Amino acid sequence: MNAWVGTILRVDLASETITKEPLNLKDAHDYIGARGLGTKYFCDEVGPKVDALSPENKLIFMTGPLTGTGAASGGRYNVISKSPLTGTIGAANSGGYFAPELKYAGYDGIIFENASDTPVYLYINDDIVELRDASGLWGKTVYETTDLLKEENGESFKVSCIGPPGENGCLYSGVLNDKHRAAGRGGMGAVMGSKKLKAVTVRGTGSVSVARPEKFMEAIIDARAKLKAHPVGGAGLAALGTQVLVNIINESGALPTRNWRDGSIFDEADATGGESLADKYLVKNKGCFGCSIDCARVTVVPDGPFKSSGEGPEYEAGWSYGADCGVSDLAAICKASFLCNEYGMDPITLGATIACAMELAEMGAIPEEDIGFKLRFGDPHAIVHLTEAVGKNEGFGKILALGSYRLAEKYGHPELSMSVKKQEMPAYDGRAAQGMALEYATSNRGGCHVRGYMTSPELLGVPFKMDPLVTEGKAATLKIFQDLTALIDSAGICLFTTFGLGLPEIAAQYREAVGTDETDEEILFKGERVWNLEKHFNIAAGVEKDTLPPRLLREKLPSGPAAGRVAELGVMLAEYYELRGWDKDGVPTTEKDGATGIKYEAKVLCDV
Amino acid sequence: MKLKFFATYRDFTRCKEADVTAPPDVWALLQHLKGQYGDAFGDKLLTSDGTDIGCETIILINGRNAGHLNGKDTPLSEADVVSIFPVVAGG
Amino acid sequence: MSKQLVVNPDKCASCRTCELMCSFERAKVFNPRLSAVTVIDYEEALTSVPVMCMQCEEASCLKVCPVGAISKDGNGAVVMNNDKCIVCKMCVSACPLGNISFSPISRRVFKCDLCGGDPKCARFCSPGAIQFVDPTESPGRKKAVAERFKDVFGEEVPS
């Protein structure tokens, strides 16, 4: 076989019919898998104007060709749907152990259609696939749901599920698998909840085979050795996790502080960084399926008001609850981050939404009675309390559950939502890293760092150095990063493999797994095809144009190496559109599509 | 001049910060650090042939990567803050 | 003295790469159920333990096999001769550690054979939780324990 197992499950939740259909191998070839292939299925089947929380929206779980193989960090899948938060295509990526198990059960992906009247979960035990009653699970947290399903069906079952926020329509609720791994961004959990689908549980005993076993083994031995030898992909992330970034981003003057209001240097950053986490609360590190990077943190806060345990926090959550909320109490940051996993919420958006509420409250824009207490930056109890309030859909949590854009709009200051296309930007200030500004503005799923991680060359010097303060060359590099990231996400491997691997190693693994003789460039081009398809969907869906919050465009950074700077978006954007072959408004032109051989037959174009 | 150490480099320096008299440039600083904290640390700071800033080290002078200034020849003064990191990444 | 697999659960990151590589070595496919090594997770104890055949010196499987299909090879591995094996599964029952498995796919009994002297589980274990070492050359375990004693008592020894 060719790294696929050949079958897609189609589950109609309204009629409770489950059909097994052959994988569309042509689309799998053109759109790689996972993020790209799921998006292609979605665009073919669902119109771009669909209401994200209506039964007409579909929810797709899709693995990649490298998922479940021995490829370096090859254990990932994407959850794809229209995002209720942004209105863009939503594709949220997760690791853990769930996705390989789905393939071992014999399914490359699952397409959920329509909605059930009553709570259900999907049970998959190799060939046996059933919708089962989930009334007893409704209202349960991610942890409880996972435990109950394992108790009922067996320890070897893997679980992907939503928590109460997904049931309650929290616009940034995630789909969490293996308790701690999240398809976190863009509200895929709310789509799942709107369909009354609580969980998917799977056990698989089959195999995944690749097209050219010997050559594939050579490719993965090479990739794994290079990853292991790299200071980041090898020992670095295992030792200190992603939280290690807090200090270097802060020292570079790019750590957004107090809702990006107070510049990008947080005086108490070190107390919240990976070094402090390792000193105080880290028990051990952990890896997702087939991964040698092992960046996950198993963490225990042993005592005090924020006594808790879980996995994390990762850098972005550490920032959103830390510097962005002005909080330096690492125990509180840990607990808030754990709660996001337990309830199934995106900690970037939630932490940043709390930060936005803090700024609005400090300026008197939110009446104190709406919140219930005097909300101020720096309050460790507030981040935990409000995270719980969103998780339980209580009080002010009901408003926070809609994200910072809708919060700030409600209270008359939409400009204070630090979001792009209504999704919150993460932990790098685009004024101090110009390429990141362009990345946020052009990301196909709104404010996001994992669609073309310009931080890496700009602030970390990996795999090469680019001056963060200049705009020259950023558009060209970003385009390559975006296309490469689309390839990686679609192949079913982890983006972190780029901390050690480049296109040659990634393409080699893909090539030998699926049995193609395409060149590196031809394989990278598939990433561009995925990117353009996403863009087509967004335009057809009427998503707002590529821009940034006014704060980044007009308010100069007060201090640090980028003092006095704003995000110089205009010049980079024009260059970027030209490089992409799009018109000056950022619309892919048919000429370009024709010239590069991209041919969209997706429904998305018919509806334009 | 203020020196700040981060991540696994604290295992070598056994401290987070140090005050030193400003050496003339980054190159002199690296030689000083090698002498102060040992050859194992020096090996991390320098390229294997010992002629430049090592590719596994990031040196920020007032938040700017030495690579975007004058590299190892970047001049230093008493008012500078120099932050020294191993290559780290994540996100 | 031949090398043996030594497991250090403290280092195990629960990534299952050992299972993947073992199954590929054995069957040229990726399938943890065809692996002779299995990682057992203990969520509450925050640990995970790779479990595989320990190549017993007094191997019950070898003794119980009615057709002499199990023997010791030059690497110290207890190996199975599939040509002789009648798949009676006596060895599966006899192994006190549960480290012989029956594959419902191939309908064969299988166990760890140390990959002929280059066990892939150890070779690909990134954190070093599974190591293939000569126990007389590398007193790693003893030394690790000794170092813990040193950490606890070391400071009290007057210098």
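**Ground rules.** I number residues from 1 along each chain as its sequence is written, and I letter chains from A and number ligands from 1 in the order in which they are written. Because the model is predicted, local features need pLDDT of at least 70 and side-chain atom pairs count only at pLDDT 80 or more, while totals for chains, interfaces and linings use all residues.

**Confidence.** I noted an ipTM of 0.98 and a pTM of 0.95 for the complex. Chain C averages a pLDDT of 89, and 89% of its residues score at least 70 (pLDDT is the predictor's confidence in each residue, from 0 to 100).

**Chain B against chain A.** I found 21 residues of chain B in contact with 32 residues of chain A (contact: C-beta atoms, placed from the backbone, within 7 Å). On the chain B side, strands E3 (57-61), E4 (64-65) and E5 (81-86) each give two or more residues (strands are DSSP runs of E, at least two residues; helices are runs of H or I, at least four; both are numbered from the N terminus). E5(B) gives the largest share, three residues.

**Chain A against chain C.** Here 26 residues of chain A meet 18 of chain C. Helix H7 (213-229) and strand E13 (282-286) of chain A give two or more residues each.

**Helix H14(A).** I looked up residues 347-362 of chain A: 16 residues, reaching 22 Å from first C-alpha to last. That is close to the 22 Å expected (1.5 Å times one less than the number of residues). Gly364(A) follows, with a positive phi near 80°.

Methods:
Two residues are in contact if their C-beta atoms, placed from the backbone, lie within 7 Å.
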